[in-house]
Amino acid sequence: MATEKVDVLVLGAGIVGLSTAIELQKAGRQVTVIDKGEPGFGCSYGNAGWMTPCFSMPLPQPGMFFKSIGWLLNPDSPLRIKPQPSWLLVRWMTHFLLAMNERRMNQSVAVLTDISKYSLDFYADLATRAPKTFGFDQKGLLLVSGTDDGLKAAKIEMDLMNARGVPGKLMTGEEISAMEPSLKPGLKGGVYFPKEAHSEPLLTVQALVSELESLGGKVLSRAEAFDFVTSNAGGSSKIEEVHTTRGKFKADLVLLAMGTWSDELARRLGLRVPILGGKGYRIITNSFDVKPQHPIMIVDRKIAVTPRYDGATSVAGTLELVNQDFEITPRRLNNIITGTQQYMHMSKGEPEIKEIWRGLRPCTPDGVPMIGFSKKHSNLFYQIGHQMLGLQSAPGSGRVAADLIMGRPSITDTKPFRPERYE
Ligand SMILES: Cc1cc2nc3c(=O)[nH]c(=O)nc-3n(C[C@H](O)[C@H](O)[C@H](O)COP(=O)(O)OP(=O)(O)OC[C@H]3O[C@@H](n4cnc5c(N)ncnc54)[C@H](O)[C@@H]3O)c2cc1C
């Protein structure tokens with residue numbers, strides 16, 4: 001097979017790989033992005049589409065220890081850890097438990113908010129000049145709850161985020177019903193974050209492909225990376241070649257941006273990446289008696305309801321920690337539907353579903369992406385692990401990666417992202 005020489009090779013054309021490619025191309029590098037399928041058909045395909053800095057919380061939070069044990073045991077819990085005999089799970093769980101402290105959480109929230117705010121500005125700007133719409137809409141986000149505990153959790157989130165410059169205001173159940181008639185009456189209350197946005201995820205990826213190409217970058221589909229050739233000189237290892245199903249590449253810099261698939265390929269380089277998949281589902285339906293006007297988080301059931309650009313509604317939810325398990329579990333899907341029917345004016349019984357999708361969120365144990373150079377291979381850079389926040393944080397995360405690669409000051413503290421915490 002032919003060998004092509006490139007400057008930067010990004011492995012994975014999801015929202016994260018493409019955002020990083022754009023930032024590097026803007027910084028003067030020449031970037032080629034490859035994907036084993038079509039761009040955006042991994043986890044970036046069917047997420048809830050939220051661009052919401054108010055959700056900048058990592059998965060592990062203080063006081064979660066006993067809850068996380070419950071997640072192992074309860075198959076109906078919105079957050080679930082699927083019991084499975086694997087060293088990856090044991091290693092992942094150990095780091096997860098160690099990250100459940102106030103100090104780590106505050107560090108994580110600070111950097112995740114910074115990259116999410118950068119990203120929201122990026123998308124708002126892109127929406128003004130993208131050749132085609134990607135469904136960007138800045139209507140804000142409603143967090144609603146029917147319980148005192150849920151309302152308390154929403155208020156804690158609001159206080160934390162207000163302190164970081166993300167405005168949100170407390171609302172009564174009556175105020176929420178008046179603003180969003182698709183919700184059934186009887187809510188305890190909630191929080192409205194007015195600046196948050198949403199979009200159609202696949203169209204957003206496609207807008208990024210156009211943006212990258214207009215900057216001179218390249219995207220190659222159906223090119224699966226499957227092997228590497230490395231060299232070792234003076235104790236320092238380097239990737240000499242990346243072998244793909246559509247040719248060999250020699251690159252000055254190789255970026256690993258393959259979401260939940262990253263561990264599989266990293267093993268070829270003698271690396272173990274602690275990434276588990278946070279399996280979630282999204283359905284697209286027209287079965288609402290009253291159509292939602294705003295994105296809504298039903299706090300008690302952890303369900304995300306989003307009005308779409310084409311008039312349909314997307315309903316997403318559940319997070320089940322698995323290792324490359326793409327099986328569709330009807331029981332978990334059904335929990336999302338009944339949970340929505342409980343809180344919203346959605347027809348009873350089986351809704352008319354236009355599409356069912358499931359994806360694996362790439363989850364690091366501490367809920368913070370790994371962004372930085374590898375200790376082991378001098379021209380390998382990690383850009384993985386964006387858990388529940390990949391869409392909302394990718395442009396900012398790409399900017400951090402470009403800052404580190406170009407050796408310039410960054411938009412936020414880069415320490416929490418360091419890959420060596422796991423390498
Ligand atoms: C139900 C659900 C709802 C969500 N809602 C939101 C939301 O509202 N907002 C938000 O910010 N986030 C949300 N997320 C999370 C978000 O979707 C992810 O964080 C994000 O898509 C991760 O992007 P990525 O580019 O890292 O991974 P991916 O999109 O999975 O991209 C990785 C790419 O690598 C490619 N690849 C894999 N192996 C190879 C190989 N060997 N060679 C070449 N290419 C390869 C894959 O084909 C894929 O395209 C949600 C996720 C789920 C499941």
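**Exercise 1.** Determine which element gives the largest share of the shell around the ligand.

*Solution.* Strand 17 gives the largest share, four residues; strands (E, at least two residues) and helices (H or I, at least four) are DSSP runs numbered from the N terminus. By class, the shell divides into 16 nonpolar, 13 polar and four charged residues, where Ala, Val, Leu, Ile, Met, Phe, Trp, Tyr, Cys and Pro count as nonpolar, Asp, Glu, Lys and Arg as charged, and the others, Gly among them, as polar. The model is predicted: local features need pLDDT of at least 70, side-chain atom pairs count only at pLDDT 80 or more, and totals for chains, interfaces and linings use all residues. Residues are numbered from 1 along each chain as its sequence is written, and side-chain values use heavy atoms, with hydrogens and water left out.

**Exercise 2.** Identify the polar backbone atom that lies 2.7 Å from an oxygen atom of the ligand, then state how far the protein covers the ligand.

*Solution.* The backbone atom belongs to Gln387; a polar contact is a pair of N or O atoms within 3.5 Å. Of the ligand's 1000 Å² of accessible area on its own, the protein covers 96% (Shrake-Rupley method, 1.4 Å probe).

**Exercise 3.** Classify the packing of helix 4 (residues 102-129) against helix 10.

*Solution.* The angle is about 100°, and the axes are 7 Å apart; axes are lines fitted to C-alpha atoms over the stretch in contact, and angles run from 0 to 180 degrees between N-to-C directions. Helix 4 is therefore roughly perpendicular to helix 10 (65 to 115 degrees). Residues in the contact (heavy atoms within 4.5 Å) include Phe122 of helix 4 and Arg399 of helix 10.

Note on methods: A polar contact is a pair of N or O atoms within 3.5 Å; within protein, one must be able to donate a hydrogen and the other to accept it, and residues adjacent in sequence count only if both atoms are side-chain atoms. Angles under 35 degrees count as roughly parallel, over 145 as roughly antiparallel, 65 to 115 as roughly perpendicular and the rest as oblique.
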